[in-house]
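Me: I am new to this structure and would like a close look at one part of it: the place where the two chains meet. Could you walk me through it?

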Protein chains: 2
Amino acid sequence: MNWGKPNPRIAAHEVDAMFIDRWSPRSFLDKELTDEQIASLFEAARWSPSCFNDQPWHFRYARSDTDRVLFSEPLTEKNRLWAMRAPLLIYLLARLHFAGSSKPNRHNSFDAGAAWMSLALQARRLGLYAHAMAGFDVKKAHEVLNVPEDEYTVMAAIAVGYRGRASLLTEELAAMESPNCRKTYSEVVGEGVVVPKG
Amino acid sequence: MNWGKPNPRIAAHEVDAMFIDRWSPRSFLDKELTDEQIASLFEAARWSPSCFNDQPWHFRYARSDTDRVLFSEPLTEKNRLWAMRAPLLIYLLARLHFAGSSKPNRHNSFDAGAAWMSLALQARRLGLYAHAMAGFDVKKAHEVLNVPEDEYTVMAAIAVGYRGRASLLTEELAAMESPNCRKTYSEVVGEGVVVPKG
């Protein structure tokens, strides 16, 4: 069976393997998730830290065919092609203001990102993979979800499921179906105050 | 010894214990971290997912007394009080535009949040705790770090170290020294398209 290219990831420093083993495949099996699996994903996200413990994240998910078709509408054509096969599609929303307040929350997106990371790691604990997408029409996502743009912003679409063979994908996507690399350690980390150019 | 109040956290659904066990104490031991521990924290963050794999995060850290004093300057008085004891202070920066481009990256803060979550979980793997702070003067942080505001935004200050006794803190902070709760599952997760009010 063709599972895609070999894994090119090599850690530069000792670290728990879960961080290296997590990646974002596009080929998912058309196999349903259980209620327990789905609840477990969001449970992980729910315990993430946030500014003033405001928990500015909100998750909407689609598992029925009807909901998944609806949720796939805002996706780019390219993402829709593979994400439609995943048994679970999620939109992750970030609340713009602190709960019950008109004060903008500078960390709404940052905190939503932390919650997304927790979900992605818990997916691996369940033998699943999660793939977050920026490729969707934000305005359309607001319409589909019926979410006012002055209350929330839709930050990410997320597909979750069991990994499938690369050969289930189009030739173009199959060629990309492997874990990607990272910048070197010293490009993103430094001691003291001099910050290099991005 | 007084380690603070008992842990009030109860998971609503089966989930890996690491998500429940992670929290943000304020009392840190004045005990140095090794080079390996520090590298391990950033290694975890480095493998986080990001939009177009742009990796918009950058970490600056302080471990020497001189650097920690400098890094503590932008913190609020209240945070400086406890964070100064931690052996490692970090600023997490998010690059505003895609690398080598003038195109704004809508997900810079979201992706930085994912990297922060990885760091926090790896800290626990090492027997350490990480506490992210929003309470700092952003403008001052840019000055101290010498980071132009049109290239990066300083998203979080992070203290990392071994947990200390609550009695090392002021009375006010000692009273707060315990894991906090979360909204209920149904407040932050739902199936289909109707989103409740924040």
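**Where the two chains meet**

Reply: Happy to! In this predicted model, chain B can be laid on chain A by a rotation of 180 degrees with 0.0 Å of shift along the axis, and the RMSD is then 0.0 Å. The two copies are thus related as by a two-fold rotation axis.

Now to the contact itself. On chain B, 70 residues are in contact with 69 residues of chain A. Helix α5 (residues 108-125) of chain B gives the most to the side that touches chain A, namely 12 residues. By type, the residues on that side of chain B are 38 nonpolar, 17 polar and 15 charged. Of the interface residues of chain B, 99% are also interface residues in chain A, so the copies meet through the same surface.

Strands take part in joining the chains, too. Strand β1 (residues 57-62) of chain A and strand β5 (residues 189-191) of chain B run parallel and are joined by 3 bridges.

Because 9 of its 12 residues are buried, α2(A) is largely enclosed by the rest of the structure. Among those buried residues are A:I38, A:L41 and A:F42, and also A:E43 and A:R46.

Key. Residues numbered from 1 in each chain as written. Chains lettered and ligands numbered in written order. Predicted model: local features only at pLDDT ≥ 70, side-chain atom pairs only at ≥ 80, totals over all residues. Buried ≥ 20, exposed ≤ 12 C-beta atoms within 10 Å, placed from the backbone. Helix = DSSP H or I, 4+ residues; strand = E, 2+ residues; numbered from the N terminus. Least-squares fit on C-alpha atoms with pLDDT ≥ 70 in both. Contact = placed C-beta atoms within 7 Å. Nonpolar A, V, L, I, M, F, W, Y, C, P; charged D, E, K, R; others polar. Pairing = 2+ DSSP bridges.
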